[in-house]
Amino acid sequence: MSPEAAHHPPVQGLAHQFDSLEQQTEATTLGMWVFLVTEVLFFGGLFMVYTVYRTWYPDAFAAASHTLDITLGTINTAVLITSSLTMALAVHSAQLGQRKLIMIFLLATMALGGVFLGIKGVEYYSKFVEHHVPGPSFHFEEPQFAAHAQIFFSLYFLMTGLHALHMIIGFGIMLFMLGWTWKGGITADYYGPIEIAGLYWHFVDIVWIFLFPLLYLLGGRY
Amino acid sequence: MASSTVLIPPRHYLNDGYGIASWLLTRDHKRIALLYLATVTLFFFVGGAMAVMIRLDLATPAGDLVTDETYNKLFTMHGVLMVFFFLIPAIPAVLGNFLVPIMIGAKDLAFPKLNLFSWYIYVAGGLFTLYALVTGGVDTGWTFYTPFSTVSSTTNVIPTALGIFITGFSSILTGLNFIVTIHRMRAPGLTWFRMPLFLWSTYATSLINVLGTPVIAITLLLVAAERVFHFGFFDPRLGGDPVLFQHLFWFYSHPAVYIMVLPAMGVVSELVAAGCRKPVFGYPFVAFASLAIAVLGFLVWGHHMFVAGESVYSALIFSMLSFLVAIPSAVKVFNWTATMYKGAVSWETPMLYAYGFIGLFTIGGLTGLFLAAVGLDVHVTDTYFIVAHFHYIMVGGTIMGYLGGLHYWWPKISGRLYNEGLAKLSAGIIFIGFNLTFFPQFVLGYMGMPRRYHAYPPDFQVLNVLSSAGASILGVGYLIPMVYLMWSLRYGRLAGSNPWGAVGLEWTTTSPPPTENFTETPVVTWEAYDYHAPAEGHVA
Amino acid sequence: MAAHILPKRVYYTIFAILMFCTYLTVQIAFFDLGRLNAIAALAIAAFKATIVILFFMHVKYSTRLTWAVVLGSIFWFGILVALTMGDYLTRPWRMFG
């Protein structure tokens, strides 16, 4: 804080450790990016496990992958991409200070996210009914692949489950942003929070962009 | 500039608010540093108690103090507590939290509330782990190798794994906080190459924290999940590969040892500069060496797996890379030594710890080179040679660096001076106790005594007795500072803002500092360690 | 931090490309291209991720530090995969008997 700034009235929304809103926004944006790095490595561990076992058991993984509903998976991918669009438009509206539009696009993003989770729930249920949930009741139609197919399904549930958990956290973040916007805290001069919420949501989208082909398509459908 | 004539300011961060709520809900990085100081010290002594039991049992060849199962739990908990709850957080969370904002001329870290949250996460993880300890312990080794940890062990694997998982987020968020702070909140004029080297080390450590810890987090989650749901990722009977666990585990745990030693190296840079009243020799090389250690440290993890079943070609690559990673560490040792050459070398306690670090870290590091050679590693792996190697670095290195830093910055943190005579005595006792404990272990390991065994052939007893005797001396050495440091809080002489006559932003503010660190934001116009500049402004 | 405000049509264009790529990658899965199936699927996914990063996340207009952070995270994940798979892929080798 420069000696001059000490005598200015406090800026609305400026935390005490920062000298300016610009510094605060730069810091929080960098903070979100560094956090996303940790998320890349966190999911990365699971992708590593997937890579090893797909290399070792390509046929079992293909057979298991075939039992996933490619139509639902494709719809979900489209839904999540659309939610990324609405999120980007929310940030765009924030840059222009369009309070109502921010809230509309945030709600649209959340709605699309809800659709995604609903479809995911349907898929999980069908996996449960087909006895593809790893555990004592696991049963796979092609017995020669059963053990390794169980590894595939373990990864399926872990990876999509962790992804879904991150989406739910994203809902929480967006609710928080909705509240902040509604109370007028977001303006064309200070829209950093919406931007970093957007970064988080796009990251969640990118994880799915890779999960979809790895889980649904790599077994081949021919 | 901050006054240097006031011995203790009327208002400072310690008396800025009283009561337990003002501490447990603080956003002040300095108070959070003290919260960490209290908790890491607690875990250090619990882990130390485990070590006492281990060395007592090993004083005789027969495993007669504790059963083998209990012994397994002792060395496991010793490792878990010392690694995850003491060595990894200690210097960054205590000294780093206290010093980073002050050294860059800021009022606090970028995210003070996140900083407090990090402490609570650390405590929560610690409570999980202590719960696991008191309800039966865990016997897998701190390395949790599968399939023993996922299938056969009947002990508290899941609570311990979850405890470490939770605490990992404390490291991640602290690292994130430091990275953003150092990038975005440096005072006007404080360029990267004017920063004290402690900040470079802290920055490099934070990079490792952010890049590596998430992988151990997901790995421990997988261990817990596999134990519950029997997924089969690491179970050969279900098609899994136990070595995959080791790849994931060591991808973090090797860089973790650099999380443990880099901050201590940063402290040593500060101590050597202040103790010799000279700029650190080859400052850019030391700065880049910190980054190089952080990067190269991620490329060598397979040297923990030479006998685990990884391919010979993989072992070759990891061996070569392990030789490479020694180079930046060696650069630092050379540069510290060169700094001391023709410097006004002092013998005050912090400097004693610094010199101890340089010598003992060199021994530990050189023995690491022995281990990077696959042929020799095959001979001494899983023996006491390994145990001695890492204790030379972790205890002879990191803990000495931590104690040195604690003593050096104690006047700044508390406003008081400790008793120098007792401090020197403790440093000497620690040095002697340490070497007596761990040097015999190099010999034991080379002679073939396996690690993690509660009994051994009688031929090894003499060296074991020496080691246990050393451990008791070392324990005494660690207890004495507790006494005189606490005593100094009440009765120590007032320190003033710069008792060492050192150069650095932290010495320009009062001891203890005010809550906002500086009365005016400093504007930095001098190079780091500018000991030859005229004594105006930045040297109090 | 992008002070640069992208016109909305950029977002709509990227959206259209993403949807098209999704359609493409699903279609390719129905043909047997051998090893190319995996390469194509991952390449398309990488391309989709890239345009999300560059345009939706504004990285194209961000500081060099942001670029370093993004590239660094990918590179580090790459280290994990490369050196681990280096072990798995060389286990069957018997060059030295």
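**Entry 1: a helix pair in chain B**

I started with helix α5 of chain B, residues 112–134, and its partner α7 of chain B, residues 157–184. I found their axes 8 Å apart, at an angle of about 165°. With angles over 145° counting as roughly antiparallel, that makes α5(B) roughly antiparallel to α7(B). I also looked up the handedness: α5(B) passes α7(B) in a left-handed crossing. Sorting the residues of this contact by class, I got 14 nonpolar, 11 polar and no charged residues. A reminder to myself before going on: this is a predicted model.

**Entry 2: a helix pair in chain A**

Next I turned to chain A, where helix α4 (residues 99–129) packs with helix α5 (residues 146–182). Here I noted an angle of about 160° and axes 10 Å apart. This angle makes α4(A) roughly antiparallel to α5(A). The crossing of α4(A) past α5(A) is left-handed.

Then I asked myself which residues of α4(A) meet α5(A). On the α4(A) side I listed Arg99(A), Ile102(A), Met103(A), Leu106(A), Thr109(A), Met110(A), Gly113(A), Phe116(A), Leu117(A) and Lys120(A). The α5(A) side includes Thr160(A), Ala164(A), Met167(A), Gly170(A), Phe171(A) and Trp182(A). By class, I have 13 nonpolar, five polar and two charged residues in the contact of α4(A) with α5(A).

**Entry 3: where chain A touches chain C**

I moved on to the contact between chains A and C, which takes 37 residues from chain A and 37 residues from chain C. Which elements of chain A give two or more residues to the side that touches chain C? I found α1 (21–56), α3 (70–95) and α6 (192–217) of chain A. The largest share of that side, 14 residues, comes from α1(A). I sorted the chain A side by class too, and it divides into 22 nonpolar, 12 polar and three charged residues.

**Entry 4: chain C on its own**

Last, I looked at chain C, which has three helices and zero strands. Read from the N terminus on, its elements run α-α-α. The C-alpha trace of chain C spans about 60 × 40 × 10 Å along its principal axes. I checked the radius of gyration as well: chain C has 18 Å, whereas a compact globule of 97 residues would have a value near 13 Å.

The domain assignment of chain C gives domain 1 (1–62) and domain 2 (63–97). I noted that the C-alpha centres of domain 1 and domain 2 of chain C lie 23 Å apart.

Note on methods
Residues numbered from 1 in each chain as written. Chains lettered and ligands numbered in written order. Predicted model: local features only at pLDDT ≥ 70, side-chain atom pairs only at ≥ 80, totals over all residues. Axes fitted to C-alpha atoms, helices over the stretch in contact; angles between N-to-C directions. Helix = DSSP H or I, 4+ residues; strand = E, 2+ residues; numbered from the N terminus. Parallel < 35°, antiparallel > 145°, perpendicular 65-115°, else oblique. Left-handed = near helix turned anticlockwise from the far one by under 90°. Contact = placed C-beta atoms within 7 Å. Nonpolar A, V, L, I, M, F, W, Y, C, P; charged D, E, K, R; others polar. Domains from an automatic or database assignment. Rg over C-alpha atoms; globule rule 2.2 N^0.38 Å.
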